[in-house]
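Welcome, and thanks for taking a look at this one with us. Below is a short briefing to read alongside the model.

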Amino acid sequence: MGNFVILHLYPQTLKLNGETGNVTALSVRAAQYNLACEVIQVETQQSLSETQPHLIFIGSGTLGATKAAAKDLTSKAAKLIEWVSKGTKVLAVGSGFDLVSLGLELPDGEFIQGLALTDTKHKVGSSYKVGEVVLSDNFAGFINSDREIVRTSDSKALGVVLASDEPKLVGYVDGFKDGSVMASNVQGPLLPMNPALADELLGWIFPKLQKPTRLEIFDVLAAKARNAISERIGY
Amino acid sequence: MLTPLAVLVGKALRFVLRMRGGGSAVPGRIALAIEPKFLQLTLGRLASGIFFVSGSNGKSTTTAMLVKILREHGLQVLSNPAGGNLPQGLASALLADVNWRGRLGHDVAILEVDEAYGRQIAAKVAPNGLLLTNIQLDQLNRFHSPEDVFEYLDDLATLTTDFLVVNGSDANTERLAKGHSSRLATFGVYASEAAQKSAAHGLLAAPSFDEDTTNLNVAATLLDASGRRARVEVSGNQIDLELPAPGLHYAVDAALSIGMARQILGTKFNEHKSAKAVSELSAVYGRGEVIEYRGQQIEIIMMKNLPSLQANLDALEETPKTVWISVDEGTPDPSWIYDIDLSKLSQIDVVSGTKTYQWATRLAYEGLPVAQLIPNEAEALEKFISLPGVRKTAIVNYEQMMWLRKKLGLLDLEGGNG
């Protein structure tokens, strides 16, 4: 594989709340690592290219958008799963997490099949949990989700909410991480706000990367943004 | 029987609070506490009916345009000022106009209503007609999804008695209207392809996966939009308009207000009076508004949500020279700023508010130079004012806009008939 190739699946259909920022962060950071980055966008009813990407990114959308993406995904699933088995990594945020999971159960009982790249099973719950969250010193953001996630164990979780302005979110076990797939319900700009996750993801793909000092400007600003969240919620 | 007491207490409270420059929704809340049927007992007596305006964006401007058009036709119109679109805000607005018995001296009411609360108001006073501007990505922390907003507005339409006028070029509002066409007269206001292309990002509607391509009955068509100019076709006649501020979104608002006025007025509708009314309208409170302060002109670009900010950026005719961004907790989650195309901006002079560093991170990834990060907005304002130049741009969320107006000496309050 040559350049750093990102496959951004359904960039218009699954574009709810700033998820594009994750692709922006990866592209900009890759450039700082002296990696030439190419982003391939594929919408519903468009074909996958023959180029195996280093990373597949799937963002978030409404339930209607998620259903539309899931319907389209059935024709792409075999190829995507094959790529992942051959080393392609995955980043999924919000309903993108649903689509790479074992599946999503809707309120009417309908079940949307996922790509089964995680061992989590998702369900649309009865109420939303909404608030700013801190999961660690290097991981903070905003959750706005009604998903209930059943997992075989918490060992592959991306993080656990330590503090939030929404009491129901404290203790919430978020996301998934296994060295191949990173997924989260900390929505929107997960990576710009949490560059350690961006670098960890890039490290899965390019293990020998040395972090350049010129990334500090981004990381200091993101750290201050996370600190502001911590101060607001008293963490 | 309680109405006189509700009116007297509410009016007294409103007078006191306005003298102090704040608390515009409180008198309405008190009046409703004293007389829970306050809205029914006041609005329910209007001879020519009650009409609601709702949707994600453009409510305030469209309502202001519609009111001006109807007044130009000689009607006595009651309306709620921009922002007074919750039950308590509406009650506050009514307190300015009712007599001590709770009677209004108007012919017709044109009310801007919140997407979620509109159905609560409609359950008390059913509107004769409903105008829906659009369904866009807005306040996800509150609404979670535009699909939820669709359901709220669908409930509101169910409570409407006579007709619907919707933005037909917004697939969601068009679909919503079609769902009520067996019971209500339903009309669409459409924007031509040329008009939609006049803005870099078009109409910015929320996604829809509806495959029905049939049109509604056409109430009006936006034929062209360019800067502050728009051309609308209604009843076979073309009207040229001067908009209160440049932008496709204002042109669509104008077409919607004309289409709605046509349905309210029927054969009394006059296109020349309508064009005159829209063309004479000033920018509505913080929407394309320019504030004069110490010899400087400060253009307010409200950062309400992704579509409104993008539409306002698309409408900029030149790159702003001096820019201040200020956002506070009124926008609990500004994640959507990563989906905004910021190519109309070349630099930012000051960033402030509690979301300073979230914005700064976004701007860093965009590669946009930022001169100063000053989280304290009062200090940031001082810095902004001290910068050279007389034409400046403030990109602010609603709460910062309200704060800024007060700091700049504009004490009229949204929702307070100011």
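What follows covers the model's basis, a sheet in chain B, a helix, some loop residues, and the pockets and cavities.

This is a predicted model, in which local features need pLDDT of at least 70 and side-chain atom pairs count only at pLDDT 80 or more, while totals for chains, interfaces and linings use all residues. Residues are numbered from 1 along each chain as its sequence is written, chains are lettered from A and ligands numbered from 1 in the order in which they are written, and side-chain values use heavy atoms, leaving out hydrogens and water.

**The sheet of chain B**

- Nine strands of chain B form an open sheet with mixed pairing, in the order β2-β3-β1-β4-β5-β6-β7-β8-β9; strands (E, at least two residues) and helices (H or I, at least four) are DSSP runs numbered from the N terminus, and two strands pair if DSSP finds at least two bridges between them.
- β2(B) and β9(B) (237-242) are the edge strands, each pairing on one side only.
- On average, neighbouring strands of this sheet are turned by 20° against each other, direction ignored; axes are lines fitted to C-alpha atoms, for helices over the stretch in contact, and angles run from 0 to 180 degrees between N-to-C directions.
- Helix α9(B) packs on the sheet, where it touches β4(B) (129-132), β5(B) (163-167) and β6(B) (185-191), and its direction makes about 160° with that of β5(B); contact means heavy atoms within 4.5 Å.
- At one end of the order, β8(B) (residues 229-234) and β9(B) pair in the antiparallel sense over six bridges, and Arg231(B) has Asp240(B) in β9(B) as its bridge partner.

**Strand β5(B)**

- Five of the five residues of β5(B) are buried, where buried means under 20% relative accessible area, exposed over 50% and partly exposed in between, with a 1.4 Å probe and protein chains only.
- Both faces are covered, with Phe163(B), Val165(B) and Asn167(B) buried on one side and Leu164(B) and Val166(B) on the other.
- β5(B) runs parallel to β4(B), joined to it by four bridges, and Leu130(B) stands opposite Leu164(B).
- With β6(B), β5(B) pairs in the parallel sense over five bridges, and here Val165(B) stands opposite Phe187(B).

**Helix α5(B)**

- Why is helix α5(B) (residues 87-95) described as largely enclosed by the rest of the structure? Because eight of its nine residues are buried.
- The buried residues are Pro87(B), Gly89(B), Leu90(B), Ala91(B), Ser92(B), Ala93(B), Leu94(B) and Leu95(B).
- Their cover includes the helices α1(B) (3-20), α2(B) (26-34), α3(B) (38-43) and α6(B) (118-124), together with the strands β2(B) (77-79) and β3(B) (108-112).

**Loop residues of chain B**

- Leu204(B), in the loop between α10(B) (193-196) and β7(B) (217-226), has a positive phi near 60° without being a glycine; Leu204(B) is buried, with a relative accessible area of 19%.
- Ser235(B) also has a positive phi, of about 50°, and is not a glycine; Ser235(B) sits in the loop between β8(B) and β9(B) and is partly exposed at 47% relative accessible area.
- Val390(B), in the loop between α15(B) (377-386) and β15(B) (391-396), is exposed, with a relative accessible area of 52%.
- Leaving aside neighbours within four places in sequence, Val390(B) is in contact with Gly295(B), Gln296(B) and Gln297(B).

**Pockets and cavities**

- On a 1 Å grid over the protein atoms alone, a cavity is a set of points where a 1.4 Å probe fits but cannot get out, a pocket is an open set with protein on both sides within 12 Å along at least five of seven lines, and lining residues have an atom within 4 Å of a point.
- Grid points are joined across faces, edges and corners, and a volume is the space filled by probe spheres set on the points.
- The second largest pocket has a volume of about 720 Å³; of its 38 lining residues, the closest to its centre are Thr62(A), Leu63(A), Gly64(A), Ser145(B) and Glu147(B).
- α8(B) gives the largest share of that lining, five residues.
- The count comes to three cavities of 30 Å³ or more, and the largest cavity has a volume of about 130 Å³.
- Of the 17 residues lining the largest cavity, Pro189(A), Met193(A), Asp333(B), Ser335(B) and Gln358(B) are the closest to its centre.
- β8(A) gives the most to the lining of the largest cavity, with three residues.
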